[in-house]
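Q: I'd like to learn how to read a structure like this one, feature by feature. Can we walk through it together?

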Amino acid sequence: MAWFTFYLLNLLWATAGTSTQTRSSCSVPPAQQPLVNSMQVLMENSVTHSTYPNPSVLIAMNLAGPYNLEAQKLLTHQLMATDTADMTVGQLALTIMALTSSCRDPGNKVSTLQRQMETWEPSSPNAEASSFYGPSLAILALCQKNPETTLPIAARFAKTLQANSSPFNVDTGAMVTLALTCMYNKIPVGSEEGYRTLFGQVLENTVENISKRIKNNGIIGDIYSTGLAMQALSVTPKQPNKEWNCKETMDVVLNEIKLGKFHNSMSIAQILPSLKGKTYLDVPYTSCSPDPEVHPTLPNHPTPVPTIASNITVKYTINNQLRGVELFFNFTIDVSVKSGSVLLVVLEEAQRKNSTFKFETTMTSWGPVVSSINNIAENVNHKTYWQFLSGKTPLNEGVADYIPFNHEHITANFTQY
């Protein structure tokens, strides 16, 4: 999905007794495995004492089998020490799943999440689809701990989804599928048959919607939503009418990895489980035996000859024309930076040249997100944010990941969703 949808998820944010194996037979060819290994190493190396403790990274690391045991240990301890008071239900659910994947007891976090979900309700009858992503994670985390007590919570959630008519979102649909597949597979013996019927109906509708977002080249939604969608389609008990060609999707994902699309640790965490034949339903069944640290097989690339980077010029515009905001403006500046610099460097250089372009960022699991430009800040209640575009096309990467090209016109537009 697009970068903004990922950011919204930050803002708003298994069969019984056996490990769940993906149903599709597609897998990473042996010759391509070093490519996937190097991507995992890149993700694991992002774990430091000073970086954002990302539970999604720990989940992916444990599902894949960690190479860097010190990174695994550090991230586990960081998440155990994290204050959960201000967490959304989605963040709390991810933390519980991450600790579970490291064979650690999440303690009272589970009961806290259950109490929050017992009173959860959407912000409005037609709330954005992305607002269901966190609660879907919560249902999944609770299902893996105690499906029987989660049953009425999941049923109410499923009925709320049925009544919602907002535009479909692939990432949310994928997480709904994983959560309700867990519930569908773990309905306690003797429970009302209505639960299975309800979960089955929502699953059938959701996977059908995911199937409709499969592009001709195999990408599902966009490249960054494909990983979760692969997990969902590989385990759902309700198959869509259109058969999914898993190998085609796998091939295009591997090609995108070669092109450098997955260099952000969070984007790697989303795609890695599918490449290793795992899904979030496998979280309770990860192995935590004290095996010696494994050294992965990595691609054998020749050492590049150092070159002197030339400069490029980027045209950068900041624009605010929203009604109800007193300070309207539209300013443009030409910025010269080294070729290969990320967009964040362009913003920093623009700010250095002209204080009108001053900006602030907020750290998220996806990296820094621009939260304010020229004293105009995003506002969740007003549904406003700073959207970045290349020409007229929204960027699908964040400012710390996107690399502008020479003479590109980047616009930061204050937008309402």
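Q: Is helix 13 (residues 265–275) largely enclosed by the rest of the structure or left open, and why?

A: Some ground rules come first. This is a predicted model, where local features need pLDDT of at least 70 and side-chain atom pairs count only at pLDDT 80 or more, while totals for chains, interfaces and linings use all residues. Residues are numbered from 1 along each chain as its sequence is written, and side-chain values use heavy atoms, with hydrogens and water left out. Helices (H or I, at least four residues) and strands (E, at least two) are DSSP runs, numbered from the N terminus. Buried means under 20% relative accessible area, exposed over 50%, and partly exposed in between (1.4 Å probe, protein chains only). Now helix 13: 11 of its 11 residues are buried, so the helix is largely enclosed by the rest of the structure. Among them are Met266, Ile268, Gln270 and Leu275.

Q: What happens at the start of helix 13 and just after it?

A: At the start, a side-chain oxygen of Asn264 comes to within 2.8 Å of the backbone nitrogen of Met266. Just after the helix, Gly277 has a positive phi of about 75 degrees.

Q: How do I read a nonpolar core, and which residues of the largest one touch the most other members?

A: In soluble globular proteins, nonpolar side chains tend to be buried together. A nonpolar core here is a set of buried Ala, Val, Leu, Ile, Met, Phe, Trp, Tyr and Cys residues joined through side-chain atoms within 4.5 Å. The largest one has 92 residues, and Leu113, Met117, Leu140, Phe199, Ile220, Leu275 and Tyr280 touch the most other members. Helix 9 (residues 170–185) gives the largest share, 10 residues. There's also a second, separate core of 27 residues, including Tyr316 and Phe359.

Q: What is Leu113 in contact with, leaving aside neighbours within four places in sequence?

A: Contact means heavy atoms within 4.5 Å. By that cut-off, Leu113 meets Val89, Leu92, Ala93, Ile96, Ala138, Ala141 and Leu142.

Q: How many salt bridges are there?

A: A salt bridge is a side-chain nitrogen of Lys or Arg within 4 Å of a carboxyl oxygen of Asp or Glu. The count comes to five. One of these joins Glu128 to Lys383, with the closest N and O atoms 2.8 Å apart. The two residues sit in distant parts of the chain, 255 residues apart: Glu128 in the loop between helix 6 (109–118) and helix 7 (133–145), Lys383 in the loop between strand 5 (376–377) and strand 6 (384–390). Glu128 is partly exposed at 25% relative accessibility, and Lys383 is partly exposed at 31%.

Q: Where do Glu349 and Arg352 lie?

A: Both are in helix 14 (residues 343–353), three residues apart, about one turn of the helix. Arg352 is exposed, with a relative accessible area of 61%.

Q: What order do the strands take in the open sheet of three strands?

A: Two strands pair if DSSP finds at least two bridges between them. The order is 3-4-5, with antiparallel pairing. Strand 3 (359–364) and strand 5 are at the edges, each with a single partner strand, so one side of each has no neighbour in the sheet. Six bridges join strand 3 to strand 4 (residues 367–373), and the bridge partner of Thr362 in strand 4 is Val369.

How values were computed
A polar contact is a pair of N or O atoms within 3.5 Å; within protein, one must be able to donate a hydrogen and the other to accept it, and residues adjacent in sequence count only if both atoms are side-chain atoms.
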